[in-house]
Amino acid sequence: MIDSAFFPVMPNHSGKKNAKIKNTKVISIKKIPNIIAIFITGLRYTVSKPWTSLRNIDRTQSVSYNPKDHFFKKAKAEDYLARSIYKLQEIDEKSKLIKKGHTVLDLGASPGSWSQYALKKVGHQGRVIGIDLTDVVVKAPNYTFFHDDINNLDWDHELARLKIEKFDGVISDMAPKTTGIKNTDQMRSLTLCELALDLAVKYLKPKGYFVCKLFHSDGFKDFNVKVKLHFDKVDAIKPDSTRKISKEIFIVGLGFKP
Ligand SMILES: C[S@@+](CC[C@H](N)C(=O)[O-])C[C@H]1O[C@@H](n2cnc3c(N)ncnc32)[C@H](O)[C@@H]1O
């Protein structure tokens with residue numbers, strides 16, 4: 001299905017410059033390369049996502065996106081598994097969250113940079129539990145990883161098996177597989193945040209902390225209000241390492257009130 005916007009013109013057979021043939025505009029020869037470029041871009045979207053109308057696509061996602069930016073290179077040089085580490089680091093430094101000896105639950109842990117950072121911060125006395133649909137390569141004696149969907153895990157059973165009653169912190173960098181359709185992606189992100197909040201409410205110690213990534217949308221305000229019901233203080237942080245084009249924001253809840 002190709003969007004009609006990509007076929008706006010008909011060739012000018014009259015020879016007259018800028019003449020109008022019925023409702024059809026005539027184009028200058030200089031514009032042809034631009035039109036071919038637009039057409040190829042449209043075709044690329046259509047081939048990769050044939051089920052979606054081109055008008056619904058969030059084109060900001062492909063604008064000035066540099067996958068190997070400064071933070072990507074920094075993460076590589078510092079042996080972190082993803083550039084996302086710097087988002088958590090910034091949030092942690094601002095809000096003073098993760099301390100030595102803490103037990104932290106990392107939701108959406110793969111490839112593993114948040115778990116790596118949390119493990120460094122909690123030290124040998126602390127513990128980190130990660131979960132993701134995708135496996136991680138992080139290995140440490142005080143690290144447990146569940147290769148699973150957060151909806152499928154029998155949390156009570158698994159935490160009892162690990163002799164964990166409550167967490168000091170629940171951090172979630174979960175993100176849905178994006179479709180490119182803005183509303184759908186935002187709704188799915190919000191659903192993941194609601195699930196993360198449910199787990200936090202169930203398993204946080206009093207005064208515990210909660211971090212959750214959200215694709216900014218109309219649902220942001222309501223979610224913020226919900227988090228406020230359970231925490232003394234709630235902040236919304238957009239870390240410097242978040243890509244400029246990204247619409248993600250992090251909700252940080254401090255001082256859990258059971
Ligand atoms: C941006 S990545 C996380 C990056 C990670 N924080 C790091 O620093 O390496 C988002 C992750 O959320 C995971 N995810 C999405 N939905 C999930 C679900 N229902 N259960 C578990 N993980 C989920 C995805 O598989 C993906 O790996």
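The structure is a predicted model, with a mean pLDDT of 82 for the protein chain and 74% of its residues at 70 or more. The ligand is surrounded by 22 residues, and helix H4 (113–122) is one of the elements that give two or more residues to this shell.

**Confidence**
- Over residues 1–27 the pLDDT is below 50, and this stretch has 27 contacts in the model beyond near neighbours in sequence.
- Residues 40–63 also have a pLDDT below 50, with 27 contacts in the model beyond near neighbours in sequence.
- Where pLDDT is low, the predicted coordinates should not be read in detail.

**Ligand shell**
- Of the 22 residues that surround the ligand, the closest are Ser84, Gly108, Ser113, Trp114 and Asp173.
- Helix H4 (113–122) and strand S4 (127–132) are the elements that each contribute two or more residues to the shell.
- Sorted by class, the shell comprises 12 nonpolar, 7 polar and 3 charged residues.

**Helix H4**
- Helix H4 is mostly covered, with 9 of its 10 residues buried; among them are Ser113 and Trp114, which also belong to the closest residues around the ligand.
- Just after H4, Gly123 adopts a positive phi of about 70°.

**Leu107 in strand S3**
- Leu107 lies in strand S3, and Leu107 counts as buried because 24 other C-beta atoms lie within 10 Å, where 20 or more are required.
- Although Leu107 and Asp173 are 66 residues apart in sequence, their C-alpha atoms are 6.4 Å apart in space; Asp173 is among the closest residues around the ligand.
- Leaving aside residues up to four places away in sequence, Leu107 touches Ile131, Ile150, Val170, Ile171, Ser172, Met174 and Ala196.

**Helices H6 and H7**
- Helix H6 (residues 182–203) packs with helix H7 (residues 220–230) at an angle of about 5°, and their axes are 11 Å apart.
- H6 is therefore roughly parallel to H7, since angles under 35 degrees count as such.
- The contact is formed by Leu190, Cys193, Leu197 and Val201 of H6 with Phe223, Lys226, Val227 and His230 of H7.
- By class, this contact of H6 with H7 has 6 nonpolar, 1 polar and 1 charged residues.

Technical notes:
Residues numbered from 1 in each chain as written. Predicted model: local features only at pLDDT ≥ 70, side-chain atom pairs only at ≥ 80, totals over all residues. pLDDT = per-residue confidence, 0-100. Contact = placed C-beta atoms within 7 Å. Axes fitted to C-alpha atoms, helices over the stretch in contact; angles between N-to-C directions. Helix = DSSP H or I, 4+ residues; strand = E, 2+ residues; numbered from the N terminus. Parallel < 35°, antiparallel > 145°, perpendicular 65-115°, else oblique. Nonpolar A, V, L, I, M, F, W, Y, C, P; charged D, E, K, R; others polar. Near = placed C-beta within 6 Å. Buried ≥ 20, exposed ≤ 12 C-beta atoms within 10 Å, placed from the backbone.
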